[in-house]
Amino acid sequence: MPDLPLTGEFNALAFRRHFPLLHGNDLIYLDSAATKQKPAEVIEAVEKFYSTYNANVHRGIYKLADEATDAYENSRDTVRAFINARSSREIIFTRGSTESINLVAQSYVAARLQNGTNIVISEMEHHSNLIPWQQLAKKSGAELRVIPINDNGDLILEEGLGLIDKRTTIIALVHTSNSLGTINPINVFIEKARKSKSTILIDAAQAMAHQSIDVQALDCDFLVFSAHKMFGPTGVGVLYGKQELLEEMPPYQYGGEMIESVSLESSTFRLPPHRFEAGTPNIAGVIGLASSIHFLDTWKPDKLGSHSKILAEIAVELLQSIGVRLIGTPVRRAGIVSFLLDDIHPHDVATLLDQEGIAVRAGHHCTEPVMRYYEIPGTLRLSFSAYNTREEVEQVAKALPRIRKILG
Ligand code: C6P
């Protein structure tokens, strides 16, 4: 047995008790990068909305509607405080990170692209932060520049920074890679963006539940994240944007509650954020998101993240002792570990792990360019949250040699 890092003071079992799906259950859930399990507090907040004050928001002139609208707008302020945005007008509710990125692509970037301009992304982007830019580049004639990765799964910094110039319209960069576990030095790129007067969007989908984020300290222009990856409901997410940028942006979708006035000939639109929230929003989801933020505030994202990181370090040690091929050995790793067991297809390993009550993700994780870089079909991915324990990691390490015997 290798010398394993200590999991420290954090009481994962006490944390786990908040999660009805996990409490009193032997399931080893190691797919938290896909979605986190939900604490009772969040489930109750959503249920309370539907059972005691369900009404549409911004429309009704009766008490129930006021209550729903207040809860919805209070949630916006909860998000604002959580990321330390200057104003709640900088917080737009969307369906998730994917929609937030598409909103920026269509409403801010599309009109600013032409031949001679460029977009900078990285080779480790999730498809959500790649395809919108690739398609815009194709349409506009702008160049899509890609910051390369090295064998460790880190960005090649010097080369990457060299791609950014005065004609860079947007830099769209992932904070934490969902397939490699890399935590990127986003500060360096934000600094470069300020120097070259470029706009920078940070995809923080994998970061929010694992470390505190202060958008004013970071000075990024846009930041996107999804509630379901931070213990909140699915189908709701956030676009943070600097107010001066949001005010320049036309609506992304048209419909109810985003207008000032409408005639058959023309319409005028409300100021952000409402301009970007056409139609009935995911009210329950937004209220659930606020509840997940209160939950995170209580437990502190940094503490949760550091427990997940320690579990990842333990996993790396144990996996290395078994002799697996790690995919990604970055300088700064989040609670995510990707690997291959010999040349056995990851799906086959995941199926047998499932039979032992261990849920992991296998495949390309919506990062096909990363798989192309390593010339592999996909990986097995262990992604941790603070409800996971050292014993669970050890169970995986015990299961893999058995699986190797069966499939190898
Ligand atoms: N990654 C995973 O298993 P949505 O689906 O919009 O909530 O999030 C998209 C997204 C964007 N960026 C990053 C870095 C992500 O990891 C994800 C979602 C999940 O890794 C589902 S593929």
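At 0% relative accessibility, Ser177 counts as buried, where buried stands for under 20% relative accessible area, exposed for over 50% and partly exposed for values in between (1.4 Å probe, protein chains only). The model is a predicted one, in which local features need pLDDT of at least 70 and side-chain atom pairs count only at pLDDT 80 or more, while totals for chains, interfaces and linings use all residues. Residues are numbered from 1 along each chain as its sequence is written, and side-chain values use heavy atoms, with hydrogens and water left out.

Ser177 sits in the loop that runs between strand S5 (168-174) and helix H7 (186-196); helices (H or I, at least four residues) and strands (E, at least two) are DSSP runs, numbered from the N terminus. Apart from neighbours within four places in sequence, the residues in contact with Ser177 are Met124, Thr182 and Ile336, contact being heavy atoms within 4.5 Å.

Another serine, Ser87, is found in the loop between helix H3 (63-83) and strand S2 (91-94). Ser87 is buried, with a relative accessible area of 14%, and its side chain reaches the backbone nitrogen of Arg89 at 2.9 Å. Beyond its neighbours within four places in sequence, Ser87 is in contact with Arg80 and Gln243. The loop between H3 and S2 also holds Asn84, which counts as partly exposed at 31% relative accessibility. Phi of Asn84 is positive, near 55°, in a residue other than glycine. Lys197, in the loop between H7 and S6, likewise has a positive phi near 55°; Lys197 is exposed, with a relative accessible area of 72%. Most residues other than glycine have a negative phi, and most peptide bonds are trans. A cis peptide bond, with omega about 5°, joins Pro272 and Pro273, and Pro273 lies in the loop between strand S10 (267-269) and H10.

How do the helices sit against their surroundings? Two packed helices are described by the angle between their axes and the distance between the axes. Helix H2 (residues 40-52) packs with helix H10 (residues 283-299) at an angle of about 145°, and their axes are 8 Å apart. Here axes are lines fitted to C-alpha atoms, for helices over the stretch in contact, and angles run from 0 to 180 degrees between N-to-C directions. On the H2 side the contact is made by Glu41, Val42, Ala45, Val46, Phe49 and Tyr50, and on the H10 side by Ile283, Ala284, Ile287, Gly288, Ser291, Ser292 and Phe295.

In helix H5 (residues 131-140), the buried residues are Pro132, Trp133, Leu136 and Ala137. These residues lie on the same side of H5 because they cover an arc of only 130° around the axis, the arc being that of the directions from the helix axis to the C-beta atoms. Lys138 and Lys139, on the other side of H5, are exposed. The packing partners of the buried residues of H5 are helix H4 (97-109), strand S3 (118-122), strand S4 (143-147), S5 and strand S6 (199-203). After H5 comes Gly141, with a positive phi near 85°.

Helix H12 (residues 346-355) has Pro346, Val349, Ala350, Leu352 and Leu353 as its buried residues. Their arc around the axis is only 165°, so they are on the same side of H12, and on the other side Asp354 and Gln355 are exposed. Against these buried residues of H12 pack strand S12 (336-340), strand S13 (358-359), strand S14 (361-363), strand S15 (379-383) and helix H14 (390-407). Gly357, which follows H12, has a positive phi near 80°.

Finally, Leu326 belongs to strand S11 (residues 325-326) and is buried, with a relative accessible area of 15%. Setting aside neighbours within four places in sequence, Leu326 is in contact with Val316, Leu319, Gln320, Val337, Ser338 and Phe339. Val331, in the loop between S11 and S12, is exposed, with a relative accessible area of 74%.

Terms used
A polar contact is a pair of N or O atoms within 3.5 Å; within protein, one must be able to donate a hydrogen and the other to accept it, and residues adjacent in sequence count only if both atoms are side-chain atoms.
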